[in-house]
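This briefing covers a predicted model. It takes up the fold, the confidence, the surface and two individual residues.

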Amino acid sequence: MTPSATRTGILIGAVLALTGVAFGFWAFFFVAVAMAIGALVGRIVDGKLNVAGLVDAFRGKRSSS
């Protein structure tokens with residue numbers, strides 16, 4: 001069974017909620033940042049994220065499209 005976006009979102013929400021309740025705000029914040037970084041790395045590895053376009057967006061350059 002492949003995970004759907006809804007199930008993945010529920011799992012992420014549950015992990016963040018449990019972390020916040022059990023360990024407090026800073027642990028919640030650290031876990032949220034680590035999950036975001038992991039998601040970015042996963043999209044880069046899958047080839048679904050254009051790193052050059054992302055860097056250009058942070059530098060304020062407009063895309064050609």
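From the N terminus on, the elements run α-α-α. The radius of gyration of the protein is 16 Å, well over the 11 Å that the globule rule gives for 65 residues, so the protein is more spread out than a compact globule. The model is predicted.

**Overall form**
- The protein has three helices and zero strands.
- The C-alpha trace spans about 45 × 35 × 20 Å along its principal axes.

**Confidence**
- Mean pLDDT for the protein is 87, with 92% of the residues at 70 or more.
- Confidence is highest in H1, at a mean of 92, and lowest in helix H3 (residues 51-59), at 85.

**Surface**
- Of the 65 residues, 3% count as buried.
- The accessible surface comes to about 5,500 Å², and carbon and sulfur atoms account for 70% of that area.
- Phe-25, Trp-26, Phe-29, Val-33, Ile-37, Val-41 and Val-45 make a nonpolar surface patch of about 750 Å².
- Val-33, one of the patch residues, is found in helix H2 (residues 25-46).
- Val-33 has a relative accessible area of 36% and is therefore partly exposed, since this value lies between the 20% and 50% cut-offs.

**Thr-19**
- Thr-19 lies in helix H1 (residues 5-23).
- The relative accessible area of Thr-19 is 11%, which is under 20%, so Thr-19 counts as buried.
- Leaving aside residues up to four places away in sequence, Thr-19 touches Gly-24, Ala-27, Phe-28 and Val-31.

Definitions and conventions
Residues are numbered from 1 along each chain as its sequence is written. This is a predicted model: local features need pLDDT of at least 70, side-chain atom pairs count only at pLDDT 80 or more; totals for chains, interfaces and linings use all residues. Side-chain values use heavy atoms; hydrogens and water are left out. Patches are made of residues with over 30% relative accessible area and no salt bridge: like charges are joined within 9 Å, nonpolar side chains (Val, Leu, Ile, Met, Phe, Trp, Tyr) within 5 Å. Accessible areas come from the Shrake-Rupley method with a 1.4 Å probe; for residues, only the protein chains shown count as cover. A salt bridge is a side-chain nitrogen of Lys or Arg within 4 Å of a carboxyl oxygen of Asp or Glu. Helices (H or I, at least four residues) and strands (E, at least two) are DSSP runs, numbered from the N terminus. Buried means under 20% relative accessible area, exposed over 50%, partly exposed in between (1.4 Å probe, protein chains only). Contact means heavy atoms within 4.5 Å. pLDDT is the predictor's confidence in each residue, from 0 to 100. The radius of gyration is taken over C-alpha atoms; the globule rule is 2.2 Å times the number of residues to the power 0.38.
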